[in-house]
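The sequence and structure are shown below.

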Amino acid sequence: MKIKNSEFVISAVSKSQYPDDQLPEIAFAGRSNVGKSSLINMLLNRRGLAKTSSTPGKTQLVNFYDIDGLFRFVDLPGYGFAKVSKEQKATWGKIIETYLTNRETLLEVIQLVDIRHKPSQEDKQMYSWIKDFGFSGIVVATKADKLSKNQIAAQIKIIRKELNMNKESVIIPISSSERTGKYDVWDLFNEVFEV
Ligand code: GTP
Ligand code: MG
């Protein structure tokens with residue numbers, strides 16, 4: 001897919017702020033700091049479109065990005081950020097749930113996990129949520145530049161097992177800093193948009 005123009009649409013808290021046309025969407029979920037915003041930037045060849053930060057918790061709202069007026073990427077707020085209060089965690093859950101349960105145009109939710117770590121309890125919960133909602137359960141394993149080839153293969157096995165992934169579900173290692181895995185992700189997205 002050749003992208004000509006991508007732009008930020010809106011940061012939404014409530015449902016009423018979501019774009020109300022019928023464009024298909026692909027959303028990105030994962031713990032804070034896992035690299036959701038960085039992945040979006042890599043896929044769109046845009047350095048600073050989605051704001052990234054080494055401080056977790058940068059993306060707290062549901063951010064919509066328009067791609068050539070054809071479809072949207074949706075950057076969901078990151079979970080698992082230790083320094084937030086119980087109330088903030090509950091708010092986060094509500095924001096995500098509101099989005100996932102009210103979005104007819106949502107084609108897939110992509111789960112991001114850090115390839116270096118065993119998925120957390122929240123990763124597992126998020127992933128089973130995604131499956132329960134009927135999405136195919138695509139996983140992107142980020143920060144692959146931090147590991148060797150052998151380590152990547154070993155971690156992928158662990159992640160598959162811990163998330164209880166089906167054989168049919170795809171997991172793609174990527175590195176936003178080294179810009180690897182970009183075309184693997186796009187190949188998959190092209191399939192998603194074709195159905
Ligand atoms: P929140 O908005 O807090 O939910 O975080 P996020 O998931 O959007 O993470 P973000 O893209 O802001 O990246 C967090 C940090 O990880 C930044 O310092 C990025 O530069 C770094 N990072 C993201 N992807 C990669 C990667 O593939 N490799 C390496 N080495 N660093 C990465
Ligand atoms: Mg972010």
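## The nonpolar core

Which residues of the largest nonpolar core touch the most other members? In this predicted model, that core holds 36 residues, and those touching the most other members are Ala27, Phe28, Ala29, Leu39, Ile110, Leu112 and Ala141. Two or more residues each come from strand 2, helix 1, strand 3, strand 4, helix 2 (86–101), strand 5, helix 3 (121–132) and strand 6.

Residues up to four places away in sequence being left out, Ala141 touches Val113, Ile115, Ile156, Ile159, Ile171, Ile172, Pro173 and Ile174.

## Overall architecture

The protein has five helices and seven strands, which follow one another from the N terminus as β-β-α-β-β-α-β-α-β-α-β-α. Its C-alpha atoms fill a box of roughly 45 × 40 × 30 Å along the principal axes. For 195 residues, a compact globule would have a radius of gyration near 16 Å, and the 16 Å of the protein agrees with this.

Of the 195 residues, 34% are buried. Among contacts with a separation of 6 or more, 70% join residues 24 or more positions apart.

Strand 2 (residues 25–30) is largely enclosed by the rest of the structure, because six of its six residues are buried. In a regular strand, side chains alternate between the two faces of the sheet. Accordingly, Glu25, Ala27 and Ala29 point one way from strand 2, while Ile26, Phe28 and Gly30 point the other way; all are buried.

Strand 2 runs parallel to strand 4 (residues 71–75), to which four bridges join it. In strand 4, Phe73 is the bridge partner of Ile26, and Val74 is that of Ala27. Strand 2 also runs parallel to strand 5 (residues 106–114), with six bridges between them. Here the partner of Ile26 is Glu108.

## Helix 1

How many of the nine residues of helix 1 are buried? Eight are, so that helix 1 (residues 36–44) is mostly covered. The buried residues are Lys36, Ser37, Ser38, Leu39, Ile40, Asn41, Met42 and Leu43. They pack against strand 2, strand 3 (62–67), strand 4, strand 5, strand 6 (139–142) and helix 5 (182–194). Just after helix 1, Asn45 adopts a positive phi of about 55°.

Helix 4 (residues 149–162) has 14 residues, which at 1.5 Å a residue should span 20 Å; its end C-alpha atoms are 20 Å apart, in agreement. Just after helix 4, Asn164 has a positive phi of about 60°.

Key: Residues numbered from 1 in each chain as written. Chains lettered and ligands numbered in written order. Predicted model: local features only at pLDDT ≥ 70, side-chain atom pairs only at ≥ 80, totals over all residues. Buried ≥ 20, exposed ≤ 12 C-beta atoms within 10 Å, placed from the backbone. Pairing = 2+ DSSP bridges. Contact = placed C-beta atoms within 7 Å. Core = buried A, V, L, I, M, F, W, Y, C linked by C-beta atoms within 7 Å. Expected span 1.5 Å × (residues − 1). Rg over C-alpha atoms; globule rule 2.2 N^0.38 Å.
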